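Student: I would like to go through this structure with you, one topic at a time. Where shall we begin?

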Amino acid sequence: MTRRLVAGVDSSTQSCKVVVRDAASGELVRQGRAAHPDGTEVDPAAWWTALQKAVADAGGLEDVAAVAVGGQQHGMVCLDEGGDVVRPALLWNDTRSAGAAEDLVAELGGGQAWADAVGSVPVASFTVTKLRWLAEHEPDHAVATAAVCLPHDWLTWKLSGSRDLADLRTDRSDASGTGYWSAEAGVYRTDLLGRALGHQPLVPTVLDPRATAGHVSTGGAILAPGAGDNAAAALGLGSRPGDVVVSIGTSGVVSAVSTTPVRDGTGLVAGFADATGHFLPLVCTLNAARVLDATARVLGVDHERLSSLALESTPGAGGLVLVPYLEGERTPNLPDATGSLHGLTLDNAVPADFARAAVEGLLCGLADGIDALGGTGVEPRRVLLVGGGAASEAVRRVAPSVLGLPIEVPAPGEYVADGAARQAAWVLAGDDAPPAWALGEVARYDGDPVTAVRDRYAEARQRATGR
């Protein structure tokens, strides 16, 4: 029997990764990657160029039967009537629309009104706020915008070779991050879209996870709907209800597959959809792996030595507490906050305690995210720890005591691309559930919660921020 292959794409902020896997077993056959340009606004043509390079690096798609694209969420791609890009895309990490977010929330009557409408309260990362910014600051570009889509939608459309705006397709997970599509109701809120942009542009058709989005123009492979990066990662990890995925990358992300929708008017928990037909309540923090980068730089050590220093200290870091809001913070929403060090004494003014305080502070911020999920009805049973920060032995060993849950660390991998590939295999097979691919080697860490660490962190955070 001839082996059937599928491809998954991860078009992230920093790069494009492509994996080619066996559709039945999930075995990795080959892979490729290419870099994206830096910046918070990018010409989408750069993504297309990177995708082509990554596909070539992965040996091409000629023998691939189905393809799906996972992509960075929220990015605003505006197209004119001819299908050309109106202006460079504003990415999720472009904060110029923070004022627009505040205005939109107030205009609708507050956070709860937005949560009831679309499951989330808009912040600067959301597409709807970027559209309001565009209308206010670049009105000619706003008027020229005939269609709005997201990075993964645009790449799927480009792969199809179509120039017809009516052929734009997306999925529930990415649509749920726009601020104008409701995961609970399964419909666009065109009134909110029009409120933001000043008119109602065409938006992609939202597909069922098992639907076909078209075919690749060269070779004819099936195009699956694709997904937002967090939903694709959850699918790649095989996340189930009760699992909390904690990703420690440039940002920190805490998410959980749930069978029920979320309406959190505080804005702490975004009510996104997942890639299987369920929901993906999610909390995002701005300060994650770069807290470790900064601490290593201050101490003049590499990450391996930073980890060993942290493990030389004891729980609580001798009373030293780092509130790691080095880039402001999104959870809680404190864009102008700064980091602060508390409890410094002669005894704990040593590298080991400082390293431990950084690890514990980073994890306490993520633990706050898990608590926020719990407040919406999510009942976590274990944590799947991924991302660059999960490579730290100190982070892995300290995590159970701070997060208060068993920790499982899958082997490093391209889980967004893997999730996209798994979706492609699902669409190819036409089954009721995604294929049961093995996750691979998983390291397990356990330990008793140390509540004093969380308590001291909460006290320090209150002193520093009033929250």
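**Salt bridges, pockets and backbone**

Tutor: We can begin with a salt bridge between the side chains of Glu393 and Arg396, whose N to O distance is 2.2 Å. Please keep in mind that this is a predicted model.

Student: How far apart are Glu393 and Arg396 in helix α13?

Tutor: Glu393 and Arg396 are 3 residues apart in helix α13 (residues 393-403), so about one helical turn separates them.

Student: And Arg396, is that buried or exposed?

Tutor: Arg396 counts as buried because its relative accessibility is 14%, under the 20% cut-off. Glu393 is partly exposed, with a relative accessible area of 22%.

Student: Which residues do salt bridges with shared partners join into one network?

Tutor: That network consists of Glu41, Arg87, Asp94, Arg96 and Glu138.

Student: How many salt bridges are there in the whole structure?

Tutor: The search finds 28 salt bridges. One that links distant parts of the chain pairs Glu414 with Arg33. Their closest N and O atoms are 3.6 Å apart.

Student: Where do Glu414 and Arg33 sit?

Tutor: Glu414 is in the loop between β23 (407-410) and α14, while Arg33 is in strand β3, and 381 residues separate the two. Glu414 counts as partly exposed at 24% relative accessibility. Arg33 is also partly exposed, with a relative accessible area of 47%.

Student: What about Arg210 and Asp432?

Tutor: The side chains of Arg210 and Asp432 form a salt bridge with an N to O distance of 3.4 Å. Arg210 belongs to the loop between β12 (205-207) and β13 (214-215) and Asp432 to the loop between α14 and β24, so this pair ties together parts that are 222 residues apart in sequence.

Student: Why does Asp432 count as exposed?

Tutor: Asp432 counts as exposed because its relative accessibility is 68%, and the cut-off for that class is over 50%. Arg210 is partly exposed, at 37% relative accessible area.

Student: Changing topic: what is the volume of the second largest pocket?

Tutor: The second largest pocket has a volume of about 410 Å³. It is lined by 28 residues, and those closest to its centre are Gly236, Tyr415, Ala438, Leu439 and Gly440.

Student: Which helices and strands supply at least two residues each to that lining?

Tutor: The strands are β2 (15-22), β3 (28-35), β22 (382-386) and β24 (442-445), and the helices are α9 (229-237) and α14 (415-429). By class, the lining of this pocket has 12 nonpolar, 7 polar and 9 charged residues.

Student: And cavities, how many of 30 Å³ or more?

Tutor: The count is 4 cavities of 30 Å³ or more. The largest cavity has a volume of about 80 Å³. Of the 13 residues lining the largest cavity, Val121, Gly267, Leu268, Ala270 and Arg330 are the closest to its centre.

Student: Which strand gives the most to the lining of the largest cavity?

Tutor: Strand β19 (residues 279-285) gives the most, with 3 residues. The lining of the largest cavity comprises 9 nonpolar, 3 polar and 1 charged residues.

Student: What does the side chain of His342 contact?

Tutor: The side chain of His342 makes a polar contact with the side chain of Ser340, at 2.8 Å. His342 is located in strand β21 (residues 340-342) and counts as buried at 12% relative accessibility.

Student: Last topic, the backbone. What is the phi of His74?

Tutor: The phi of His74 is near 75°, a positive value in a residue other than glycine. Most residues other than glycine have a negative phi. His74 is in the loop between β5 (64-71) and β6 (77-79), and it is buried, with a relative accessible area of 7%.

Student: And Ala317, where does that lie?

Tutor: Ala317 lies in the loop between α11 (303-312) and β20 (321-323). Ala317 has a positive phi of about 50° although it is not a glycine, and it counts as buried at 0% relative accessibility.

Conventions:
Residues are numbered from 1 along each chain as its sequence is written. This is a predicted model: local features need pLDDT of at least 70, side-chain atom pairs count only at pLDDT 80 or more; totals for chains, interfaces and linings use all residues. Side-chain values use heavy atoms; hydrogens and water are left out. On a 1 Å grid over the protein atoms alone, a cavity is a set of points where a 1.4 Å probe fits but cannot get out, and a pocket is an open set with protein on both sides within 12 Å along at least five of seven lines; lining residues have an atom within 4 Å of a point. Grid points are joined across faces, edges and corners, and a volume is the space filled by probe spheres set on the points. Helices (H or I, at least four residues) and strands (E, at least two) are DSSP runs, numbered from the N terminus. Ala, Val, Leu, Ile, Met, Phe, Trp, Tyr, Cys and Pro count as nonpolar, Asp, Glu, Lys and Arg as charged, and the others, Gly among them, as polar. Buried means under 20% relative accessible area, exposed over 50%, partly exposed in between (1.4 Å probe, protein chains only). A polar contact is a pair of N or O atoms within 3.5 Å; within protein, one must be able to donate a hydrogen and the other to accept it, and residues adjacent in sequence count only if both atoms are side-chain atoms. A salt bridge is a side-chain nitrogen of Lys or Arg within 4 Å of a carboxyl oxygen of Asp or Glu.
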